Amino acid sequence: MGKNNHAGNEYLLLDNINCPADLRKLSVNQLPQLCDEIRKFLIETCSVNPGHFASSMGAVEMTVALHYVFDTPYDRLVWDVGHQAYGHKLLTGRRDKFFTNRKLGGISGFPNPEESEYDTFTAGHASNSISAALGMAVAARLNKEKRNVVAIIGDASVSGGLAFEGINNAANTPNNLLIVLNDNDMSIDRNVGSLNSYLAHLTTSPGYNKFRYGLYRMLRKARLVNERGKGAILRFNNSLKSLLVHQQNIFEGLNIRYFGPFDGHDVVKIVQVLTDIRDMEGPRLLHLRTIKGKGYAPAEAEPWKWHAPGKFEPETGVRACDKTTNDNSPVKYQEVFGHTLLELAEKDKRIVGITAAMSSGTSMEIMQAKLPARVFDVGISEGHAVTFAGGLAKDGMRPFVAIYSSFLQRAYDHIIHDVAIQKLPVTLCIDRAGIVGEDGVTHHGALDLAYLRSIPNLIVAAPADESTLRNLMFTAANNDLGPFAIRYPRGNGNSARWRTPMHSIEVGRGVKVTDGQDVAVISIGTLRDSVKDAVEMAHKEGVNAAHYDMIFLKPLDEDILKEVAEKSCPIITVEDGTVNGGLGGAVAEWMTSHGYNQKIIRLGIPDSFITHGSPAELKTMCGFDTNSIYEAILRVANRH
């Protein structure tokens, strides 16, 4: 979809906005029409080129108002996570490129400073916006710049520990930070925890809010409220609320001025409020109530399904994934995990499940539906999830913690300090390991093999198929092995017949897939089948390659490594993870320490951050797709 390639006059305003300066030429009364056009554009484009849909639909008015009131990019908008930033991209010069969203070579699905000066900070993980924006606000103050800085954060992200740390620091550091709280009562799944309940009730009567804000504006116009001074009226809103209703909210208690809640879909009102509070000194928070999926009825009705719905029919709301009814097709690895966990938990009352706001994303919902008292959604708090699991394990439970690979990075110290040192039986089920595709650089699970391999007392495994995943989970649940990490990729497995009987696997024991003398290929995880195909292709060219599936990165199968060493042939390691510190590094270290000097070629994710694109495209780009493995075999065997 190129510029102005739209039917009729559907985008009269939007087609003429190439930067926020164009937006500011509109009258305030034109903004509701612009919001309608943005929503139509998102429905039209996201239905054929999937992305994060419902969050951006719910943030349209807020986005328009922020760019209308603030002088971006000089003023900074710092987005949290970035799921809600599609409207922001449309208004900042990327409308005509939006059809490339999340595609290889196209624009990113998340804010990316390398892509645009309007994207002020990388956003892909939750809860970092307040800390980053506070840093920018303090920098502006130190540099004596009159720059406004705004952090836009959702009600789920604000519950994260890092967000609280940022709020605490903002309350006691001189700054002019504005925090916009986008409260839609949702993250990807429904929000959980006491803070969500608190925000839901963080309102007095509509009459009180209207009275408070109206009185504030009246006194401000009469210059009876001194925004730049340090006088007694500086905290007018807080004092008035304490006087009238004898209570403070959590933000006011931290000396952060609170405004709201306001209707987050009344763009004219939001512009008015932002204009009023824009030049205030000191930290303040604007609370906007929004509806996730606003403007598209199916998304409003089931926002969790429409977070990232895939392709859909705009007229009917039927998603492409809803049409998939073939019971004989392979299921996702996360579903194998979810069903297996329920099977294990039904037989062992010690087993509990923990997820960090990703019940559906990890398929923890399967156990949650049947055994709700034994599943804990701790919100966007990965570090807490791991330490909480440690506490459960210390007193006899067998917790399974399901977290995406790139999100588990945030819990690294907790794995070490609160689980591994004490050898606690916590099983880390690491979803979205390896290349994940269109979500890109912030979501690839590239580093888990490397960052976990160095931790003492921790077993690290990667199954090649669904049956092995089930057996590894069974092994972790039924043996006193201490902490156990199992990583598996995004997407479907290879077989519809995955519900196999389970048994324990000998820890540290791999499998010889094929024998050969010319080359030894050592793989881990679901790349086993790509290696099998490459080995068969090479065999047709006269190269007899041995292939070993290690299963365990830690402990390594030393018998396999000795067998490979004694072949005195070149070695190729293959992994869906960084080549620095992962399987290739482990094999090279072992060979060196035991006096062997075979040539070792390491295939995997290179020492760089990988962009977005389809998994197949990115694996080819990184050089560990089937053909790249085949070419490497021929090359080291001198048959190329």
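## A buried aspartate and its partner

Asp-22 is buried, at a relative accessible area of 17%; here buried means under 20% relative accessible area, exposed over 50%, and partly exposed in between, with a 1.4 Å probe and protein chains only. Its partner is Lys-25, joined to Asp-22 by a salt bridge whose closest N and O atoms are 3.5 Å apart. Lys-25 counts as exposed, at 68% relative accessibility. A salt bridge is taken as a side-chain nitrogen of Lys or Arg within 4 Å of a carboxyl oxygen of Asp or Glu.

## About the model

This is a predicted model, in which local features need pLDDT of at least 70 and side-chain atom pairs count only at pLDDT 80 or more, while totals for chains, interfaces and linings use all residues. Residues are numbered from 1 along each chain as its sequence is written, and side-chain values use heavy atoms, with hydrogens and water left out.

## Salt bridges across the chain

The whole structure holds 31 salt bridges. Let's look at two more of them. Lys-89 pairs with Glu-115, with the closest N and O atoms 2.8 Å apart. Lys-89 sits in helix 5 (residues 86-94) and Glu-115 in the loop between helix 5 and helix 6 (129-142), so the pair ties together parts 26 residues apart in sequence. Helices (H or I, at least four residues) and strands (E, at least two) are DSSP runs, numbered from the N terminus. Lys-89 is buried at 0% relative accessible area, whereas Glu-115 is partly exposed at 26%. A network of salt bridges links Lys-89, Arg-94, Glu-115 and Asp-119.

Glu-563 forms a salt bridge with Lys-512, and their closest N and O atoms are 2.9 Å apart. This pair also links distant parts of the chain, as Glu-563 belongs to helix 22 (residues 558-567) and Lys-512 to strand 12 (residues 511-514), 51 residues apart. Both ends are partly exposed: Glu-563 has a relative accessible area of 28%, and Lys-512 one of 38%.

## The second largest cavity

A search of the whole structure finds 3 cavities of 30 Å³ or more. A cavity is a set of points, on a 1 Å grid over the protein atoms alone, where a 1.4 Å probe fits but cannot get out; lining residues have an atom within 4 Å of a point.

Residues lining the second largest cavity include Ala-433, Pro-463, Arg-487, Tyr-488, Ile-524, Thr-526 and Asp-576. The lining divides into 7 nonpolar, 2 polar and 2 charged residues. Ala, Val, Leu, Ile, Met, Phe, Trp, Tyr, Cys and Pro count as nonpolar, Asp, Glu, Lys and Arg as charged, and the others, Gly among them, as polar.

Key:
1 Å grid on protein atoms, 1.4 Å probe; cavity = no way out; pocket = protein on both sides within 12 Å on 5 of 7 lines; lining within 4 Å. Points joined across faces, edges and corners; volume = space filled by probe spheres on them.
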